[in-house]
Amino acid sequence: MEINHPETRAEVEEIFARYETALLANDNETLLSLFLDSPVTVRYGVSEVQHGFEEVKGFRAVQAPFTRKLERTVITTYGRDFATASTLFHRPDFPGAIGRQMQTWVRTPHGWKVAAAHVSMMPA
């Protein structure tokens, strides 16, 4: 298995950037298109849990835009169809806290999709 195949990693970096842009713009249509539409998709948030795409969709429907700054983003590909994206973030509305986000990306016939995600906060 090849780790960090250059073309695959570039694809995931691009889709991760698209996800981040959509997240900050609260572009739910784009965000939902980037999640795997499956009952086995999982997203654990700062204070909520979603099991299945329908729960992710319900969560996204009530969100508001926000700002944040990413740092120490690490994107790693394993083969050409699987990747993880890990990042730290800082939000002005959570002073004194560091956010953490991890995503599992899988290549599908419809492009790269988030199959699992975890977001949490911790004291700085």
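Reader: Which residue in β5 does Ala 85 stand opposite?

Author: This is a predicted model, and in it Ala 85 stands opposite Gln 103 in β5.

Reader: Is Ala 85 buried or exposed?

Author: Ala 85 counts as buried, because its relative accessibility is 1%, and the cut-off for that class is under 20%.

Reader: What does Ala 85 touch, leaving out residues up to four places away in sequence?

Author: With those sequence neighbours left out, Ala 85 touches Phe 16, Val 74 and Ile 75, and also Gln 101, Met 102, Gln 103 and Trp 105.

Reader: Back to the strands, then: how many bridges pair β4 with β5, and in which sense?

Author: There are eight bridges between β4 and strand β5, which covers residues 97-108, and the pairing is antiparallel. The two strands form a hairpin with six residues between them, and Gly 96 has a positive phi near 75° there.

Reader: And what about the other neighbour of β4, strand β3?

Author: Strand β3, residues 69-78, runs antiparallel to strand β4, residues 82-90, and eight bridges join them. In this pairing Tyr 78 stands opposite Phe 82 of β4. β3 and β4 also make a hairpin, here with three residues between the strands, and Gly 79 in the turn has a positive phi of about 70°.

Reader: Which residues have a positive phi although they are not glycine?

Author: Arg 72 is one of them, with a positive phi of about 55°; this residue is found in strand β3. Arg 72 counts as exposed because its relative accessible area is 69%, where the class begins over 50%. Asn 4 also has a positive phi, of about 60°, without being a glycine. Asn 4 sits in the segment before α1, the helix of residues 6-25, and is partly exposed, at a relative accessible area of 30%.

Reader: OK, on to the end of the chain: how does β5 pair with β6?

Author: β5 and β6 pair in the antiparallel sense, over twelve bridges, and the hairpin that joins them passes through two residues. Within this pairing, Trp 105 stands opposite Val 114 in β6. Trp 105 is also among the residues that Ala 85 touches.

Reader: Which strand pairs with β6 in the parallel sense?

Author: Strand β1, residues 42-44, pairs in the parallel sense with strand β6, residues 111-123, over three bridges. Arg 43 stands opposite Ala 117 of β6 in that pairing.

Reader: Switching to helices, where does Glu 29 lie, and is Glu 29 buried or exposed?

Author: Glu 29 lies in helix α2, which spans residues 28-33, and is exposed, with a relative accessible area of 68%.

Reader: Zooming out, how many helices and strands does the protein chain have, and in what pattern?

Author: The protein chain has three helices and six strands, and along the sequence the pattern reads α-α-β-β-α-β-β-β-β.

Reader: Why would you say the overall size agrees with a compact globule?

Author: The size agrees because a compact globule of 124 residues would have a radius of gyration near 14 Å, and the protein chain has 14 Å. Along the principal axes, the C-alpha atoms fill a box of roughly 40 × 30 × 20 Å.

Reader: What share of the residues count as buried, and what share of the contacts join residues at least 24 apart?

Author: Of the 124 residues, 44% count as buried. Taking contacts between residues at least 6 apart in sequence, 49% join residues at least 24 apart.

Reader: Last topic, the surface and the charges: what do the totals look like?

Author: The protein chain exposes about 7,000 Å², of which carbon and sulfur atoms supply 58%. As for charges, there are 13 positive and 15 negative side chains, and the centres of these two sets lie 4 Å apart.

Notes
Residues numbered from 1 in each chain as written. Predicted model: local features only at pLDDT ≥ 70, side-chain atom pairs only at ≥ 80, totals over all residues. Heavy atoms only, no water. Pairing = 2+ DSSP bridges. Helix = DSSP H or I, 4+ residues; strand = E, 2+ residues; numbered from the N terminus. Rg over C-alpha atoms; globule rule 2.2 N^0.38 Å. Buried < 20%, exposed > 50% of the residue type's maximum accessible area, 1.4 Å probe, protein only. Contact = heavy atoms within 4.5 Å. Areas by Shrake-Rupley, 256 points an atom, 1.4 Å probe, with all protein chains shown as cover. Lys, Arg positive; Asp, Glu negative; His and termini not counted. Charge placed at Lys NZ, Arg CZ, Asp CG, Glu CD.
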